[in-house]
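Dear colleague,

Please find below the structure that I am handing over to you, together with its sequence. My notes on what was found in it follow directly after.

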Amino acid sequence: MKTEAVLDDIRARIESGYPLLFLKTAEEDRWERELAELALESERGLVTWTITRGLQPPISGEDHEPPSASRLLTQIRDYPEEHLFLIKDFHPYLQDPLVLRQLRDLLPELIAQRKTLLLFGPVLQVPLELEKDSVRIELPIPDYDDLRDEFDQVLAVLRQAANPLQLSSDNEDRLIKAVMGLTAQEARKAWMRALRGRTELNDDVFTALISEKRTLASGSDLLEFYDLDENVADIGGLDQLKEWMSKRAEAYSPRAREQGIPLPKGMLLLGVQGCGKSLTARATARLLSFPLMRLDIAALLGAQRGESEKNMRSVLSLVESIAPAVLWLDEIEKGFAGVEGDGVGAADATMLRLVGTFLTWMAEIQKPIFVVATANSVENLPPEMLRRGRFDELFFVDLPNFEERKHILGIHLKKRGWKTEQFDLSDLARRTDGFSGAELEQIVVTALIEAFGNGQILSQEELERAWRSTVPLSVTMEDKIFALRNWAQDRCRRATSDSRVTAMLEAEQRIETTRIPVDDDDSAPLPPWAQLAASGQLKAGIVEYVRKDGDVLFPGLVEAMSPYMEVAGDQGLAVRSNPNTVLWAGMSQPLCELICELVSSKRLYIHPTDIERYKQIQKGVRLPILKEPTDEKVPRASWLAASLRTAPHPVHSARLSRIGRMKLGGS
Ligand code: ATP
């Protein structure tokens, strides 16, 4: 609730004759000022009381008796009418039966004399006996407008310096938002600490301010507060994602608010392990100048039965009180595992409700909270989370391409004080196809440690040695990565620019580094697939050729590859589980092997196709024709007309996912 709204509520209650209000706050100074103003506006006198100073101002004349709770209540009775009594830290005295009875006896007189007692302090304990006759109100921490006033006062002090800091209105706005969630006094102290003596503003100021909020999250075991050590420049590649993020950051500006731009909700980053999803979550918080809090989903779900939902609600309301903030849900596929499907047990039912609670909260929240959810797989992800409209965007973060690998290697060398010009990063990037960002960082770190251990400085050779000793995860996880990539193809936006462009860039780079002699005439440059094939990257060339056309028949592929390898021979392809189902024949052994490998690693897929397409090609296969794939064993060699694509067939994919090489004796 906003300060103004709470003051209106208090004013209305005073005017309608409420005798007793319990007001809870840890911000004594600010609220005392607010209540003094309220008293003035309501034309009531304001008297304060503490056990140390007694009533201020005192009733009249000299008062030599030490203050006490009982005496206070007598004095209030004798005080003139139409007064407000701001009584601080009174709760311990309400334990005393005498004081409690005295207060209850006083209540009718307070109403008659138009007096209200405001019992004021950080503890809100209302004795049962007073519950019916009193109202309890939690006084909120300062909202944006309150902090704006406080900030103006701080600015007035700072401007007295010889060379004062000049601030744009956008930066003032960011400085105010950076401390939201703190009390006015805490905010003032934080600003003074961060800004005093400064002549210009930099990122560290925001980071310092944000870290003051650490204490707010310290009361919860479920929220982990992160330091904002990394920024967007520390992320190698992921250009689309970075561009998108910087546009979202704009949406938090006051100008965007004026133009009715809605507050962003968040993003889901799905992708290959170690490719920068967590790094992006951290950099996002820094970009927005919001504190970053990681929600521990496992601990949330590990709570006792019935506690998880309560915990979820209280943690979300804590996050709201810290807003603006970035809320990070890491590895949600693990946290929310088991939600999918309808055979739900009690645990799954709890989980479903939790996911529902979270998504409703996310949809309804009116505060600047940006949710970053990260996931390495989709298998156990609650489908509701992936539905359009929940997050502003779903991004797929893939293994880095050539340019990205170069960039990432450069970032990690620079981070450790090395100049990138000293190394041939193109060569290293070319060798590290299939490495994740984390593995590239590991190469740099390993090489540095080795060089240091040998008493030498870091060299290209050391980096190469480290590369050789690292087996990238993508080798063992190839199938999983391809499946994920496929899943993401139509559902997610790519964090990196279009893969076709990437493939071209990579191809160009390979050509450049391998120096394949190409005719120097002015004819059109080779298409990317041909460049790949020409540079010896035959598998990549075939995949790119199929991707370019979308749907490729075997004769076309054979012809396309003929300048780059031996393509004709006495070998054929057949379905592994049904070896009499022949797909094509008359190819060389190396070409058949390449195609088999690409199909079994799910980079290419076999699709049954219309026989007519083959009839137009003069040289067909003279075998009985199989109309469609079957699980029944085919008794003698038969031909299934098929084509190659980069996406699986919706029905027959499983049947045609493994193919083998066979010898048919030509066709
Ligand atoms: P996981 O799912 O395993 O947590 P992740 O995708 O979240 O993986 P990060 O934890 O962000 O990956 O990556 C680990 C470390 O690898 C980062 O802290 C960073 O140092 C380095 N790294 C990964 N990707 C990149 C990148 N694109 N640019 C720069 N560094 C990167």
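**A helix pair and its aromatic contact**

Helix 5 (residues 144–158) packs against helix 7 (residues 184–195) at an angle of about 35 degrees, and their axes are 10 Å apart. The crossing of these two helices is right-handed. Please bear in mind throughout that this is a predicted model.

On the side of helix 5, the residues that meet helix 7 are Leu147, Glu150, Phe151, Val154, Val157 and Leu158. Helix 7 contributes Ala184, Ala187, Arg188, Trp191, Met192 and Leu195. Sorted by class, this contact has 10 nonpolar residues, two charged residues and no polar ones.

The structure holds 16 aromatic pairs. One of them is formed by Phe151 and Trp191, with an edge-to-face arrangement: the ring centres are 4.9 Å apart and the planes make 65 degrees. This pair links distant parts of the chain, since Phe151 belongs to helix 5 and Trp191 to helix 7, 40 residues apart.

**Two open sheets**

Strands of a sheet pair through backbone hydrogen bonds, in either the parallel or the antiparallel sense. Two sheets of this model are described here.

Strand 18 runs parallel to strand 19 (residues 638–640), and the two are joined over two bridges. Within these strands, Leu626 stands opposite Leu640 of strand 19.

Strand 14 pairs with strand 20 (residues 642–645) in the antiparallel sense over two bridges. Val552 has Leu644 in strand 20 as its bridge partner.

**Backbone exceptions**

Most peptide bonds are trans, and most residues other than glycine have a negative phi.

- Gln56 and Pro57 are joined by a cis peptide bond, with omega about -10 degrees. Pro57 lies in the loop between strand 3 (54–56) and helix 3 (69–78).
- The bond from Ala323 to Pro324 is also cis, with omega near 5 degrees. The loop that holds Pro324 lies between helix 14 (307–322) and strand 10 (325–329).
- Arg114 has a positive phi, near 50 degrees, although it is not a glycine. Arg114 is found in the loop between helix 4 (97–112) and strand 5 (116–121).

**Confidence of the model**

The mean pLDDT of the chain is 85, and 92% of its residues reach 70 or more. Over residues 339–344 the pLDDT is below 50, and this stretch has 10 contacts in the model beyond near neighbours in sequence. The pLDDT is also below 50 over residues 511–522, a stretch with eight contacts beyond near neighbours in sequence.

With kind regards

Conventions. Residues are numbered from 1 along each chain as its sequence is written. This is a predicted model: local features need pLDDT of at least 70, side-chain atom pairs count only at pLDDT 80 or more; totals for chains, interfaces and linings use all residues. Side-chain values use heavy atoms; hydrogens and water are left out. pLDDT is the predictor's confidence in each residue, from 0 to 100. Contact means heavy atoms within 4.5 Å. Two strands pair if DSSP finds at least two bridges between them. Helices (H or I, at least four residues) and strands (E, at least two) are DSSP runs, numbered from the N terminus. Axes are lines fitted to C-alpha atoms, for helices over the stretch in contact, and angles run from 0 to 180 degrees between N-to-C directions. A crossing is left-handed if the near helix is turned anticlockwise from the far one by less than a right angle, and right-handed if clockwise. Ala, Val, Leu, Ile, Met, Phe, Trp, Tyr, Cys and Pro count as nonpolar, Asp, Glu, Lys and Arg as charged, and the others, Gly among them, as polar. Rings of Phe, Tyr and Trp (its six-membered ring) pair if their centres lie within 6.5 Å; planes under 30 degrees apart count as stacked, over 60 as edge-to-face and the rest as tilted.
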